[in-house]
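Please read it with the sequence and the 3D view side by side.

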Number of protein chains: 2
Amino acid sequence: MSVHAKKYDRRNLKWNGWGWNDATYDLKGHDDELFRVLSETTGATELPATPSVDWEAIPLKPSRIAKRTQATFAASLSAEAVVAVDAYERIFHSMGRSYYDLLRLRAGQLSEVFDLVVYPACVEDVQAVVRACVKNGWALVPFGGGSSVVGGVEAEKGEDHKAIVCLDMTRMGRVLEVDRYSLVARVEAGCYGPVLEETLQRQGLTLGHYPQSFEFSTIGGWIAARSSGQQSNRYGTAAAFLVSARMVMPSGELRTLDVPKTAAGPSLLQVIAGSEGMLGVIVDVTVRLHAVPTFRDYRGVLFPSFGAGAEAIRRIVQAGIPAAMLRLSDEDETHFLTMVSTMSPRKKLRQKLLDRVLQLRGMGTRPCILLLGVEEDDAAWGAAARDRALSIARECGGFHVGAAPGTSWYAGRFNMPYLRDIIMDRALGVDTLETSALWDNLDATYQAVRGALLRELNGRGAVMTHISHSYSAGSSLYFTFFFARDLDDEVGQWERLKRAASDAIAQTGATISHHHGVGRDHAPWMAAEVGESGLELLRGLKHVADPTGILNPGKLLPPR
Amino acid sequence: MSVHAKKYDRRNLKWNGWGWNDATYDLKGHDDELFRVLSETTGATELPATPSVDWEAIPLKPSRIAKRTQATFAASLSAEAVVAVDAYERIFHSMGRSYYDLLRLRAGQLSEVFDLVVYPACVEDVQAVVRACVKNGWALVPFGGGSSVVGGVEAEKGEDHKAIVCLDMTRMGRVLEVDRYSLVARVEAGCYGPVLEETLQRQGLTLGHYPQSFEFSTIGGWIAARSSGQQSNRYGTAAAFLVSARMVMPSGELRTLDVPKTAAGPSLLQVIAGSEGMLGVIVDVTVRLHAVPTFRDYRGVLFPSFGAGAEAIRRIVQAGIPAAMLRLSDEDETHFLTMVSTMSPRKKLRQKLLDRVLQLRGMGTRPCILLLGVEEDDAAWGAAARDRALSIARECGGFHVGAAPGTSWYAGRFNMPYLRDIIMDRALGVDTLETSALWDNLDATYQAVRGALLRELNGRGAVMTHISHSYSAGSSLYFTFFFARDLDDEVGQWERLKRAASDAIAQTGATISHHHGVGRDHAPWMAAEVGESGLELLRGLKHVADPTGILNPGKLLPPR
């Protein structure tokens, strides 16, 4: 077993929460203050303990795959492949890590678990697994880091399937080849973010892809769900940095050419990207690299309103200024982040003084913070880009508050999901969803989605929003909502919130997902996204790639 | 009829050559000198006149669509739609404008012509035409500017089709909407390049897409064939500047959302791009715009070898320097372009002096010219980008020769295709083809394709090559070959050249097309491009979109 496989052994990871078993969000002793803030935010007067069940206590039906069949199956694979049927593995893999998933995991309410988990070690293993599933009528769910927040890897089967198999790709996690001249690398699909970046950065190279899930997601998952990273403005989203891919389908293998651009027909590469395990199993990908930037500069700029900050982003991006990150929090998110980051009395005092200064500067009492990041090879070029961006920000009413907010954000940029586990222990809930819209449609989308969530929360929660990714034509919108859980109807409460927000997105003509993907949760809105004709084309692809329909049932495509 | 429709009336355009009837390549009286150069280049000792037939002399079978059916068909369309069955329209549309097409047109050898040409005026007309073709079993070929050089719009039918209809989209040529805030425009598919740019530039905006065919191609064609423009390094290729599209298919209408980025499944937008009229008729598209750049700077840099110049391009692009154009000609192309641009005795003398200077500079007798173009909004930024690029060019052995070559190229950048007509009048031929490859594979591809063409030409022609588009991971290669026509077997000669080059491309793992598309000519190499599994997926899409198979038969997909 490789060092990486050992590190990412599922026993080292939470089965019912985020990340490492031994890691948590560091509240630095300010637990009470956090819950005071959250009570204030959600209007929750009581915060009873709502602990998770133990996984050992969850009753599981035995695997629907007989021991003997398991043995035959295992014998068809390479010696390095691993087949697991123990309860921990079956439960760990049974779903992703969305709020809805954690609700059910913590309650031990699993409608399905996998009958078998297999870790292939090579492409031939993947082919053998696919063949076995087709032959035996088993549903097959490709699984990377399992960090999906849209139900993309959930154990689910069609009526006719006799069992469900999880294909955990993380033993296929090697960087196969680095071409320093073409600045590309070929990487096995199951390679985790940190493993990839450590390997590349030892050679002075980087992919530069840092989604919030970076530590616990794989490159295959990034491609399959069209991921975006925190600095995708510079390094490109997953669909954009993808040069070529290799996918094992029940109908055969699809391999696109290693070329920088082609005009040879509709892009099958961009069909693989976003296919979410529905068409095949991505086994390796070739991706575009960069030199590790020597210039890295993150700043905070305050704006009197979300609109003023968005206008600054629009103008910076449309001017072609190469910012690596432009992350703007709205009034409520800025306020919340300030409260969370100033929980000590000393910090509170400092914040009070800053607030006074800001008011004198005409910033009002509820400013919005923009984090501006620039990453470049050439320091003078990087500084010039930063200064051009700051100059536009000032023209739009921005007030530059220096590097501290940027540095602080950068240090904690992967930690937020750990906070969710702490919150869920105390009868509170938090979920996120996201979209993108044209600039012209951005405010309408913001108002509609925020309004829909607030109406549904009905005073028992708060909505915070930020722009994390921007383009010449528009930007993303990322919504985080905290709320007091309705302990009598937790799932119903979540479903109503999700439906209200998703309907609002569809009504404004925005997309159901900018970077989380579709999975099971967004499938009902795919008709609004691509129309009935679009669904038929996707079903046509599915029918050719996976004629017996074993792959990832219930995801991406709505039922007919 | 609109001013534009009048201007682009097919009677104003050559039916058997390039562009306007009354336009030609201006040889400034140096005709003899040109043919001397071409004789030297191709080894042709005689250059007999080989004029085209007159179109009136081409015998046509009557339309297979009866007069009465024509009338019923016309009556189903809007009053502004036009139906044409006269000989000129049928011949004009019968094929694209490749060398192979001109060979056959000039000889009057048309195996098929359209039975009817229809110019729809609105989406409802397109829908009615598609319905009529499905109902009557007529093949339907969507047609934009008709400038395809890969047989993409040729009149061709399947065995069962009772007739062939040409859907000329150029009466649907309006700019429907310009959103200055989101910097996007919605444009009807049949809009010609100059009409689009005139409309946009009146508002200070530009798409910035200038393929060599710019004056005679449409935005629908650019998307359908995944076009690249001369400055696509800055403005993006057609597939990249496409925000959304609307396509009428026999199975229904596909319309993608107007959003800057989505993660909602495989990209149907990138299936529409490159679909070459095989899946549906693109009726309108939304595309990303830019402000018209205030800084525009084109320079020439000479390199001692093609490899040294390619290395400079690679380093400039990988450093992220925003060059709008990096166009590098190899030794033979640079030599030829120099001969053609110095046909007067005065210019010859000046060139001799320059050659002497270059030799003293260690440039050898066969330098390669790089044209470096920078287009930016901010003049200081643009100048800094240019200087960074020039500095890398110098590090790679480049010698900056100032703005003159850039200015001269810019002025004549759309004229080259007119030269082909002059050449074809004198028993000579010229064709072009192109590919792209990773940097690591570029020299191998260059040598293989050039070698294959030279072997096939066997001393009776010359091959010139340039890089016109570059990416972090690799670049395009564009081959132009001049040759003495084998007047006894013109088509066979062309087929052998095409096959030799295409096989070489496939063998090196490069793409069969960087920006010309597939059409009929490249279809036999699609299996090498996407594999049998890829072909099956494309056929699956075709089957859903166009179940009776009326759309553009014989293009893109090889016969089974």
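Contact here means heavy atoms within 4.5 Å. Under that criterion, Asn441(B), Ala444(B), Thr445(B), Ala448(B), Val449(B), Ala452(B), Leu453(B), Glu456(B) and Leu457(B) in H18(B) meet Arg496(B), Leu497(B), Ala500(B), Ala501(B), Ala504(B), Ile505(B) and Thr508(B) in H19(B). This is a predicted model, in which local features need pLDDT of at least 70 and side-chain atom pairs count only at pLDDT 80 or more, whereas totals for chains, interfaces and linings use all residues. Residues are numbered from 1 along each chain as its sequence is written, chains are lettered from A and ligands numbered from 1 in the order in which they are written, and side-chain values use heavy atoms, with hydrogens and water left out.

**Terms for helices and strands**

- Helices (H or I, at least four residues) and strands (E, at least two) are DSSP runs, numbered from the N terminus.
- Axes are lines fitted to C-alpha atoms, for helices over the stretch in contact, and angles run from 0 to 180 degrees between N-to-C directions.

**Relation of the two chains**

- Chain A can be laid on chain B with an RMSD of 0.0 Å by a turn of 180° and a shift of 0.0 Å along the axis, where copies are superposed by least squares on the C-alpha atoms of residues with pLDDT of at least 70 in both.
- This is the relation of a two-fold axis, and the same surface serves both copies, since 100% of the contact residues of chain A recur in chain B.
- Among the residues of chain A, Gly540(A) comes closest to the rotation axis, with its C-alpha at 2.8 Å.
- Helix H20 (residues 526-545) of chain A lies across strand S8 (242-249) and S9 of chain B, and runs at about 115° to S9(B).

**Five-stranded sheet of chain B**

- The order of this open sheet is S5-S6-S10-S8-S9, with antiparallel pairing; two strands pair if DSSP finds at least two bridges between them.
- Strand S5 (175-179) and strand S9 (252-255) of chain B are the edge strands, each pairing on one side only, and neighbouring strands are turned by 10° against each other on average, direction ignored.
- S5(B) is joined by four bridges to strand S6 (residues 184-188) of chain B, and the two run antiparallel; Asp179(B) has Val184(B) as its bridge partner in S6(B).

**Four-stranded sheet of chain B**

- A second open sheet has the order S1-S2-S4-S3, and its pairing is mixed.
- Strand S1 (82-84) and strand S3 (138-143) of chain B stand at the edges with a single partner strand each, so one side of each is left without a neighbour in the sheet; the twist averages 20° from one strand to the next.
- Three bridges connect S1(B) with strand S2 (residues 116-119) of chain B in an antiparallel arrangement, and Val117(B) in S2(B) is the bridge partner of Ala84(B).
- Helix H3 (residues 67-75) of chain B packs on the sheet, where it touches S1, S2 and S3 of chain B and makes about 10° with the direction of S2(B).
- Helix H6 (residues 123-136) of chain B lies across S2, S3 and strand S4 (163-168) of chain B, at about 150° to S3(B).

**Helix packing**

- In chain B, helix H18 (residues 439-457) and helix H19 (residues 490-508) pack at an angle of about 160°, with their axes 9 Å apart.
- That makes H18(B) roughly antiparallel to H19(B), given that angles under 35 degrees count as roughly parallel, over 145 as roughly antiparallel, 65 to 115 as roughly perpendicular and the rest as oblique.
- The residues of the contact of H18(B) with H19(B) divide into eleven nonpolar, three polar and two charged; Ala, Val, Leu, Ile, Met, Phe, Trp, Tyr, Cys and Pro count as nonpolar, Asp, Glu, Lys and Arg as charged, and the others, Gly among them, as polar.
- In chain A, helix H5 (residues 99-107) and helix H19 (residues 490-508) pack at an angle of about 175°, with their axes 11 Å apart, and are therefore roughly antiparallel to each other.
- Tyr99(A), Tyr100(A) and Leu103(A) of H5(A) make this contact with Glu490(A), Val491(A) and Trp494(A) of H19(A), and these residues divide into five nonpolar, no polar and one charged.
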